[in-house]
Amino acid sequence: MSIYSRIAGVGSYLPGNPVSNDDLVARGIDTSDEWIVTRTGIRARHLAAAGQTSSQMGREAAEKALAMAGIDAAELDLIIVATSTPDYIFPSTACLLQGALGNKGATAFDLQAVCSGFVYALSVADKFIRSGTHKKALVVGAETFSRILDWKDRGTCVLFGDGAGAVVLEASAQPGILATALHADGSQVGILSVPGQVAAGQVTGDPFLRMEGQAVFKTAVRVLADVAEECCTAAGIASGELDWLIPHQANIRIIDATSKKLGLSRDKVVVTVDRHGNTSAASVPLALDEAVRDGRIQRGQKVLLEGVGGGFTWGAVLFQF
Ligand code: UT7
């Protein structure tokens with residue numbers, strides 16, 4: 001009998017109060033609500049409090065997902081945290097989260113694929129469960145991107161926010177995750193990066209997020225449509241049969257261009273970017289959690305998750321809820 005991994009619970013967390021585009025203008029950033037909304041669809045983002053970390057936000061999201069699944073943290077045998085903004089260089093954010101949740105003994109590690117991190121991590125957890133070695137997995141996307149933004153660079157700082165989302169996956173005889181596809185192109189490292197490091201007790205290089213916006217935009221639209229088709233083909237369905245598309249929440253124009261290429265109407269696409277901006281690895285599980293909790297996504301429906309980001313990385317996960 002085949003083993004599948006099935007989503008048993010979802011959760012998410014946004015820190016503090018929303019910070020509007022006008023709030024950014026009031027803080028002295030040379031921008032406008034009109035520019036940000038027209039170019040990106042973003043109206044607000046949430047910013048972590050001083051000292052608030054990715055593992056702490058991940059814990060908030062994880063506890064909600066565990067409660068929905070009816071699973072105690074001690075039962076988890078796999079914890080993967082997708083993040084590019086870990087609490088420390090080491091130990092991993094996953095081990096910090098594991099300690100905070102009171103789990104001992106589970107396999108725990110971080111996965112770094114920037115904004116594709118959550119779909120990468122979900123796909124990896126699916127493979128662990130399908131192999132039969134693990135049965136109950138927690139997959140978290142958690143980010144404090146506000147700490148790696150150059151607040152003097154209006155071309156990037158208005159785009160990102162902080163937050164976390166989580167999924168509990170369980171081994172099941174019923175599907176489950178139907179197909180996954182993951183890709184990367186290391187020849188494009190330069191279009192989206194934080195090209196700094198800690199060495200000899202100091203930050204060397206550039207510790208801020210740098211992006212060639214238009215190059216990222218064009219590549220994202222191309223690969224998101226391609227990987228969606230690839231994933232649907234692998235599962236033996238047409239993209240038109242999808243009940244829901246949950247793309248990486250970075251820019252409404254990228255989301256609209258992708259859904260148009262796939263022939264999906266806007267009412268089949270979950271959009272939350274307006275309320276939290278680009279939260280990198282947290283964006284897909286934040287949107288998933290909202291659409292499950294408000295009843296849009298129903299058991300039995302087919303949902304496609306998609307990520308795209310620095311690396312350059314991209315990927316998709318198709319599942320039946
Ligand atoms: O996870 C993936 C993450 N990244 C993305 O999804 C980003 C993908 N790229 C984009 O979304 C778009 O390229 C941006 C929204 C980043 C930029 O939009 P654009 O239409 O490509 O604008 P641009 O960079 O070509 O800049 C156009 C103008 C420039 O002024 P001039 O040279 O035409 O006078 C910029 O200086 O807009 C100016 N500008 C701004 N103006 C007001 C750039 N940022 C801002 C700003 N407020 N925040």
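Which backbone oxygen lies 3.4 Å from a polar atom of the side chain of Ser239? I looked it up and found the backbone oxygen of Leu262, a polar contact here being a pair of N or O atoms within 3.5 Å, where within protein one must be able to donate a hydrogen and the other to accept it, and residues adjacent in sequence count only if both atoms are side-chain atoms.

I note that this is a predicted model, in which local features need pLDDT of at least 70 and side-chain atom pairs count only at pLDDT 80 or more, while totals for chains, interfaces and linings use all residues. Residues are numbered from 1 along each chain as its sequence is written, and side-chain values use heavy atoms, with hydrogens and water left out.

I placed Ser239 in the loop between α7 and β13, helices (H or I, at least four residues) and strands (E, at least two) being DSSP runs numbered from the N terminus. Ser239 is buried, with a relative accessible area of 10%; buried means under 20% (1.4 Å probe, protein chains only). Leaving aside neighbours within four places in sequence, I find Ser239 in contact (heavy atoms within 4.5 Å) with Glu229, Cys232, Leu262 and Leu264.

I then turned to α8, residues 252–261, where Ile252, Ile254, Ile255, Thr258 and Ser259 are buried. Seen down the axis of α8, these fall within an arc of 160° (directions from the helix axis to the C-beta atoms), so they line one face of the helix. Their cover includes α2, α7, β13, α9 and β14.

Terms used: Buried means under 20% relative accessible area, exposed over 50%, partly exposed in between (1.4 Å probe, protein chains only).
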